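Please work through each task with the structure in view before reading its solution.

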Amino acid sequence: MTCLLEPPFRCLPPFQPFSPPRFRCYAAPGAQPLPSDPDTETLVLPLDGPKERREIVRLAWEKLVRWSRSLQSRAKTDVLERTNKIVVLGGGSFGTAIAAHVATRKSPLEVNMLVRDPQVCRSINEEHHNCKYFPQHELPKNVIATTDAKAALLGADFCFHAVPVQFSSSFLEEIANYVDPGLPFISLSKGLELNTLRTMSQIIPKALKNPRQPYVVLSGPSFALELMNKLPTALVVASKDQKIANSVQQLMASKNLRINTSSDVTGVEIAGALKNVLAIAAGIVEGLNLGNNSMAALVSQGCSEIRWLATKVSRPPSHLRSFCIFHLLVFYTTLKLCCCTHFGSSKNAILLEDPTHTHR
């Protein structure tokens, strides 16, 4: 009896292809084996009964599992090893935090930050501090700031977009000539463009005049300060191309940063944008001392409405699953750090003191 097991796995670029293990099993001493093959491992076991056949299957399966784990381990390190340069567009707090995090993943990695403020550029290059947002935090030595878009984007393997949504369209149109058509764009910007109500997944391809520009959205319940302090954080990357989402996951995941993947781009963008509305409302509830019942009702109803809206604007319909709930509950339990919540609370304090006050 001869049996050949071939695992249904395959190697895809950019990994180096190699043949999966194959196993040949034969029983009787006089049985003729298949022609010799250097890639085939031979297991000679008696096949007198069901127990022996189960043993053969068990041994073959163990070898398949070991091979699969070896391939997965190789894939996890391959993206980081192949990446030589990334660029972060924008010098704000979250862009700086992401640049610092990725720079610590690999010391030879070149991390370029494209900034507009010459003072911020000098402070990053000369003092290794972002003087505007994180003057007390030292940045890794391989974080380099520049005001030259062409130099920043040249040879980049990944691009993190951290420019505010309202300025993204005009900014991207200015640098479109320097962007490689195959450069993956990872959007850190949350929100909807005023007047057009477009998301970043709609803004970026149109501004770059490339509808096939690889796109990933990165979002989640996080604060830049805690990322800079290397506190445990969980984020989600969403892309219609699962391979690119997995690549970004492997590039960024570390012992203090967990990266989940999703294919629900619209749902992640909608949740990331509209949670700010609920954060302001939560600040108002807190400022008016309406109690925990009101806060719980606000979060529950708000989450339900965001989920409903996401199903209407997404094709196919988005379900958000637990991401929306998790995102909202975290900002709800960390009210002191959320600027939108603080704004809502402060605004209410002003109105309580002077009802005739108008915000400008």
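Predicted model: local features only at pLDDT ≥ 70, side-chain atom pairs only at ≥ 80, totals over all residues.

**Exercise 1. H5 against H6**

Determine how the axes of H5 and H6 are oriented, and describe the contact.

Solution. Step 1. Helix H5 spans residues 165-175 and helix H6 spans residues 200-207; their axes come within 8 Å and cross at roughly 15°.

Step 1. An angle under 35 degrees counts as roughly parallel, and H5 is therefore roughly parallel to H6.

Step 2. The crossing of H5 past H6 is right-handed.

Step 3. On the H5 side, the contact is formed by Val165, Ser168, Ser169, Leu172 and Glu173, and on the H6 side by Met200, Ile203, Ile204 and Ala207.

Step 4. Sorted by class, this contact has six nonpolar residues, two polar and one charged.

Step 5. Compare with Exercise 1: Met200, Ile203, Ile204 and Ala207 of H6 are among the contact residues, and these four are also buried.

**Exercise 2. H9 against H10**

Determine the orientation of H9 and H10 and the composition of their contact.

Solution. Step 1. The axes of helix H9 (residues 265-287) and helix H10 (residues 291-313) come within 10 Å, with a crossing angle of roughly 155°.

Step 1. Angles over 145 degrees count as roughly antiparallel, so H9 is roughly antiparallel to H10.

Step 2. H9 passes H10 in a crossing that is right-handed.

Step 3. Contributors from H9 include Thr266, Ile270, Leu274, Leu278 and Val285, while those from H10 include Met295, Leu298, Ile306, Leu309 and Val313.

Step 4. The contact comprises 14 nonpolar, five polar and two charged residues.

**Exercise 3. Ile270**

Is Ile270 buried or exposed?

Solution. Step 1. Ile270 lies in helix H9.

Step 1. Its relative accessibility is 6%, and Ile270 therefore counts as buried, the cut-off being under 20%.

Step 2. Leaving aside residues up to four places away in sequence, Ile270 touches Ile306, Leu309, Ala310 and Val313.

Step 3. Ile270 and Leu192 are 78 residues apart along the chain, yet their C-alpha atoms are separated by 8.3 Å.

**Exercise 4. H2 against H8**

At what angle do H2 and H8 pack, and which residues meet?

Solution. Step 1. Helix H2 (residues 93-105) and helix H8 (residues 242-252) pack at about 75°, and their axes are 9 Å apart.

Step 1. The range of 65 to 115 degrees counts as roughly perpendicular, so H2 is roughly perpendicular to H8.

Step 2. From H2, Ile98, His101 and Arg105 meet Gln250, Leu251 and Met252 of H8.

Step 3. The residues of this contact divide into three nonpolar, two polar and one charged.

**Exercise 5. The whole chain**

How many helices and strands does the protein chain have, and what share of its residues is buried?

Solution. Step 1. The chain has twelve helices and eleven strands.

Step 1. Of its 360 residues, 46% count as buried.

Step 2. Among contacts with a separation of 6 or more, 68% join residues 24 or more positions apart.

Step 3. The accessible surface is about 19,900 Å², and carbon and sulfur atoms hold 55% of it.

Methods
Residues numbered from 1 in each chain as written. Heavy atoms only, no water. Axes fitted to C-alpha atoms, helices over the stretch in contact; angles between N-to-C directions. Helix = DSSP H or I, 4+ residues; strand = E, 2+ residues; numbered from the N terminus. Left-handed = near helix turned anticlockwise from the far one by under 90°. Contact = heavy atoms within 4.5 Å. Nonpolar A, V, L, I, M, F, W, Y, C, P; charged D, E, K, R; others polar. Buried < 20%, exposed > 50% of the residue type's maximum accessible area, 1.4 Å probe, protein only. Areas by Shrake-Rupley, 256 points an atom, 1.4 Å probe, with all protein chains shown as cover.
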